[in-house]
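Please keep the model open beside the text as you read.

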Amino acid sequence: MSSEMKRGPAAADPTMTGRVPRAAPSAAQETARVVHKHHGLVRLSHWANVPLLLGLIASGLSIYWAAPVFHHPPDPMTGSRDYLKDLGAAVAGALHDRGADPRLWIYNHLSLGAQQLATALRLHWALAYLFMLNGLLYAIGLAAGGGWRALLPRGADVGDTLRMMRFYLGVIPMAILRRPWPHPTVRGKYNALQRAAYFSMPVFGTLVVLSGWAMHKPVQLGWLERMFVSYDGARIVHFACMLGLGGFIVPHVVLAIADGWDTLRSMVTGWSARVKEKSHERA
């Protein structure tokens with residue numbers, strides 16, 4: 001008599017005993033992992049940077065209006081020597097805005113407005129101190145959470161960056177065509193394109209602070225002014241860094257959305273449930 005016959009039919013069939021065998025874990029369960037991604041101070045300083053940068057840019061443009069560093073010979077038609085006034089006139093013309101002086105469109109819409117130098121200076125430095133404090137909190141959070149390691153450039157970043165650019169460029173077309181478009185394999189906290197962008201932000205932030213102090217105290221901090229060659233050199237670096245920091249916001253948000261909900265959630269909750277995905281190959 002076989003062992004199954006000795007145990008009886010109920011023992012031979014586990015479903016008859018009420019004990020259903022445990023199902024094998026799915027592929028997603030086997031490859032998904034929940035990991036800590038962002039320190040609390042990093043998350044706090046990340047979100048605080050948005051209003052701080054917007055306020056700094058708006059007040060900074062009002063300061064810039066008083067003495068533009070980028071100027072050209074007077075335009076015989078408009079009398080303008082300021083490239084931003086030229087741009088403002090072009091924007092106002094394209095939008096058929098007949099309100100105020102079209103040359104001041106940029107200053108009236110993206111800053112505190114023209115002829116607001118004293119108010120802009122006070123607000124700019126109040127926000128600048130908060131920006132520096134916020135940067136210090138960010139640095140402490142990176143050090144405490146070990147996140148600084150994820151920002152360091154790597155040898156394979158060039159090839160990985162090109163793959164990520166290809167992926168981002170193809171997200172919308174492939175969605176329209178309803179074709180699979182797998183996310184490239186990410187071997188760390190950030191993909192290579194994110195790492196390059198995030199690494200540049202502390203660099204821009206440091207330069208914008210140093211150039212700001214060089215302009216604010218050119219006599220007391222003459223050595224700092226000389227680091228930027230001259231006072232106008234510091235102004236040019238300051239303006240360029242403002243463009244870098246401000247220009248980062250919109251593509252950063254767009255690419256974070258394109259990268260998926262997990263990326264957005266991780267900057268709120270601090271944890272990630274990224275799935276170890278297959279290599280980036282078009283199906």
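Helix α4 (residues 40–66) packs against helix α13 (residues 261–269) at an angle of about 110°, with the two axes 8 Å apart. This is a predicted model, in which local features need pLDDT of at least 70 and side-chain atom pairs count only at pLDDT 80 or more, while totals for chains, interfaces and linings use all residues. Residues are numbered from 1 along each chain as its sequence is written, and side-chain values use heavy atoms, with hydrogens and water left out.

**Helix packing**

- Helices here are DSSP runs (H or I, at least four residues), numbered from the N terminus; axes are lines fitted to C-alpha atoms over the stretch in contact, with angles from 0 to 180 degrees between N-to-C directions.
- α4 and α13 are therefore roughly perpendicular to each other, a label used for angles of 65 to 115 degrees.
- On the α4 side, Arg43, His46 and Trp47 meet Ser266, Met267, Val268 and Thr269 of α13, where contact means heavy atoms within 4.5 Å.
- The residues of this α4 contact with α13 comprise three nonpolar, three polar and one charged; Ala, Val, Leu, Ile, Met, Phe, Trp, Tyr, Cys and Pro count as nonpolar, Asp, Glu, Lys and Arg as charged, and the others, Gly among them, as polar.
- Helix α9 (residues 157–177) and α10 have axes that come within 7 Å and cross at roughly 105°, which makes α9 roughly perpendicular to α10.
- Asp157, Asp160, Thr161, Met164, Met165 and Tyr168 of α9 make that contact with Ala192, Leu193, Gln194 and Arg195 of α10, and its residues divide into five nonpolar, two polar and three charged.

**Pockets**

- The largest pocket has a volume of about 950 Å³; a pocket is an open set of points on a 1 Å grid over the protein atoms alone, where a 1.4 Å probe fits, with protein on both sides within 12 Å along at least five of seven lines, and lining residues have an atom within 4 Å of a point.
- A volume is the space filled by probe spheres set on the points, which are joined across faces, edges and corners.
- Among the 38 residues lining the largest pocket, His46, Asn49, Tyr138, Met201 and Phe248 are the closest to its centre.
- α12 gives the most to this lining of the largest pocket, eight residues, and by class the lining has 23 nonpolar, eleven polar and four charged residues.
- The second largest pocket, at about 720 Å³, is lined by 28 residues, with Gly60, Ile63, His124, Met215 and His238 nearest its centre.
- In the second largest pocket, α4 supplies the largest share of the lining, eight residues.

**Aromatic pairs**

- The structure holds seven aromatic pairs, counted when ring centres of Phe, Tyr or Trp (its six-membered ring) lie within 6.5 Å.
- Phe70 and Phe239 pair edge-to-face, 5.2 Å centre to centre with 65° between the planes; edge-to-face means planes over 60 degrees apart.
- Phe70 lies in the loop between α4 and α5 (83–95) and Phe239 in helix α12, so the pair ties together parts 169 residues apart in sequence.

Methods: Helix = DSSP H or I, 4+ residues; strand = E, 2+ residues; numbered from the N terminus. Parallel < 35°, antiparallel > 145°, perpendicular 65-115°, else oblique. Phe/Tyr/Trp six-rings, centres within 6.5 Å; stacked < 30°, edge-to-face > 60°.
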